[in-house]
Amino acid sequence: MEAVLAAVDMTVGLVAVAAVHPISAVQLGMGSWSNLASVAMELNGWRGSGMQMSSRCTHSLHGQTHMQLSLRGQMQDDMSIKWRKRKKHFFIISHAGKPIYSRYGDENKLAGFSATLQAIISYVENSGDSVRLVQAGNHQSGFQIAFIMKGPIYLVCISCTEEPFQALKMQLELLYGQMLLILTKSIEKYFGKNAKFDMRPLLGGTDVVFSSLIHSFSWNPATFLHAYTCVPLSCATRQAASGILQDVVDSRVIFAILMCRHKVISIAGAEKATLHPDDILLLSNFIVSSESFRTSEAFSPICIPRYNSTAFLHAYVHYLKDNTVLVLLTTDHNGFYHLKDCRIRIETVLNKSNVLNEVKTSMLNAGLHVEDLPSDPIVQSSYGHQQHDKDHKLAVAARETKKDIVGVGGPGGLWHFMYKSIYLDQYVASEFSPPLTSHRAQKSLLRAYQNLYSSMHIEALGPHKMQYRRDRNYILLCWITQDFELYAAFDPLAEKSMAVATSNRVCQWIRDLENEIFFLGATPFSW
């Protein structure tokens, strides 16, 4: 622990110099401060080829129970070699330095480390400034410490993943939002009464929720696009679901949401009530990561941060079939039986109209594949048209015959794409196809998209219109208009003119399919 404090003491000294000036980031270069960077990287085990990423929630999709996830790494502390080798840490601490949450390790054993982080923040605050970022080392072998302060609650990320500060800050904001969903912002008043207030008992059993959210930073584009994605369905099927949801929305039901895993089927809201995409992300993460919701119908207080961060709504949650879940939100804390009656009505209609079976089929078989990108930009909808269904089956068969061939992609060298409708705050992404078949390749691409998004939305300069970037892994193209954002990855040998032309075809394809891949009844969100 002495080594930790020695490194932090040097960091505090540098922060003190920076705090004199109106800046909020401390740069620790490799020049005169190389010793600090070396000590810090060695301290955290972030040097050499032994770095391994291991999220507590990584294996949740492969059969591990939530109990195993929450216990993973519980006995580690800041002196543990395994703890130091983690590539990305998240911490929530109070302004008194008490640990609230740590992604890895036992919070009780990290009390000293939490106090050290609080000391850095307080030192700068006492100088009339606030610290946002500390960087040590160079781009490839260094690490970043990102901070955000939310009243008496501080959130910190220590990362050597080469993600930009804007991305880390966004992730900390979502982590804070997840905490508010569980406790509301009213929790801050307890710190006013007692600076040493311990929040951990109130968050008991929710480690798996935070771990699931943090894990989603590596695979879910919604965490940086500020948009949600929908289950692909025929227009008639989605209208049937939307109609019955809208029927039950009244003064006692604020929102009715039908989802399958993290994908939205339909949403209905009371007049002038809208759900922000980040709230949908946090709500779906809370429900999907909590096994208790699967066992029986539940009625639980839940805060929707962007809707009202200071008060609870009450959520009726019920899994209808497989992974399809219905969520009804109300302000009435005695509304359980009314919402149960609403659920029965909804479930009856969904079964009669075959919506639930259609959702199951869509989740198994639907999805856009780059191999299916039409050569002719003017195509019919892929749903409900017999001729295109025939063509689609031929394309699927073609994919099966070449799925093991490395380097296979779509026309023009297209490997993958994401398309966001700005008006709807919804996005659609193609399925991963060869050569993006490994978990590492997919994670690397999503991180590249994340970096591209951050560079395109620099607050002081952006948003920009277009960016074309080539490296040894792929060509990345981003195109932003007032209507949409397109992010696409191409074979690194693809020609620029072909990439641009293919991107145009992708946009046309999406427009032709928008009735099936988007929920067009959504109300645009006010940011």
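Thr310 is found in strand β10, where helices (H or I, at least four residues) and strands (E, at least two) are DSSP runs, numbered from the N terminus. Everything here comes from a predicted model, in which local features need pLDDT of at least 70, side-chain atom pairs count only at pLDDT 80 or more, and totals for chains, interfaces and linings use all residues. Residues are numbered from 1 along each chain as its sequence is written, and side-chain values use heavy atoms, with hydrogens and water left out.

**The whole protein**

- The protein has 17 helices and 16 strands.
- It runs to 527 residues, and 54% of them count as buried (buried means under 20% relative accessible area, exposed over 50%, partly exposed in between, with a 1.4 Å probe and protein chains only).
- Take the contacts between residues at least 6 apart in sequence: 65% of these join residues at least 24 apart (contact means heavy atoms within 4.5 Å).

**Thr310 and its surroundings**

- Thr310 has a relative accessible area of 47%, so it counts as partly exposed.
- Leaving aside residues up to four places away in sequence, Thr310 touches Thr184, Lys185 and Ser186.
- Leu180 sits 130 residues away from Thr310 along the chain, yet their C-alpha atoms are separated by 8.4 Å.

**The sheet that holds β10**

- Five strands make an open sheet here, in the order β8-β7-β11-β10-β9, with antiparallel pairing (two strands pair if DSSP finds at least two bridges between them).
- At the edges are β8 (263–269) and β9 (298–304), each of which pairs on one side only.
- On average, neighbouring strands of this sheet are turned by 25° against each other, direction ignored (axes are lines fitted to C-alpha atoms, for helices over the stretch in contact, and angles run from 0 to 180 degrees between N-to-C directions).
- Strands β10 (residues 308–321) and β11 (residues 324–330) run antiparallel and are joined by seven bridges.
- On that pairing, His314 stands opposite Thr330 in β11.
- Helix α6 (residues 165–183) lies across β9 and β10, at about 85° to β10.

**The sheet with β12 to β16**

- Another open sheet of five strands has the order β13-β12-β16-β15-β14, again with antiparallel pairing.
- β13 (426–429) and β14 (466–470) have a single partner strand each, so one side of each edge strand is left without a neighbour in the sheet.
- The twist from one strand to the next averages 10°.
- Helix α16 (residues 439–456) packs on this sheet and touches β12, β14, β15 (475–480) and β16, with its direction at about 40° to that of β15.
- β12 (residues 414–421) and β16 (residues 484–490) run antiparallel, with seven bridges joining them.
- Lys420 stands opposite Glu485 in β16.
- Helix α17 (residues 496–517) lies across β12, β13, β14, β15 and β16, running at about 130° to β16.
- Glu495 has its place in the loop between β16 and α17, and it counts as exposed because its relative accessibility is 55%.
- Glu495 and Gly412 are 83 residues apart in sequence, but 8.1 Å apart in space, C-alpha to C-alpha.

**Strand β5 and its partners**

- Strand β5 (residues 143–150) is mostly covered, with six of its eight residues buried.
- β5 pairs with strand β4 (residues 133–136) in the antiparallel sense over four bridges, and the bridge partner of Ala136 in β5 is Phe143.
- Seven bridges join β5 to strand β6 (residues 153–159), and these two also run antiparallel.
- Ile145 stands opposite Ile158 in β6.
- β5 and β6 form a hairpin with two residues between them, and Gly151 in the turn has a positive phi of about 60°.

**The second largest cavity**

- A search of the whole structure turns up five cavities of 30 Å³ or more (on a 1 Å grid over the protein atoms alone, a cavity is a set of points where a 1.4 Å probe fits but cannot get out, and lining residues have an atom within 4 Å of a point).
- By type, the lining has eight nonpolar residues, four polar and no charged (Ala, Val, Leu, Ile, Met, Phe, Trp, Tyr, Cys and Pro count as nonpolar, Asp, Glu, Lys and Arg as charged, and the others, Gly among them, as polar).

Methods. On a 1 Å grid over the protein atoms alone, a cavity is a set of points where a 1.4 Å probe fits but cannot get out, and a pocket is an open set with protein on both sides within 12 Å along at least five of seven lines; lining residues have an atom within 4 Å of a point. Grid points are joined across faces, edges and corners, and a volume is the space filled by probe spheres set on the points.
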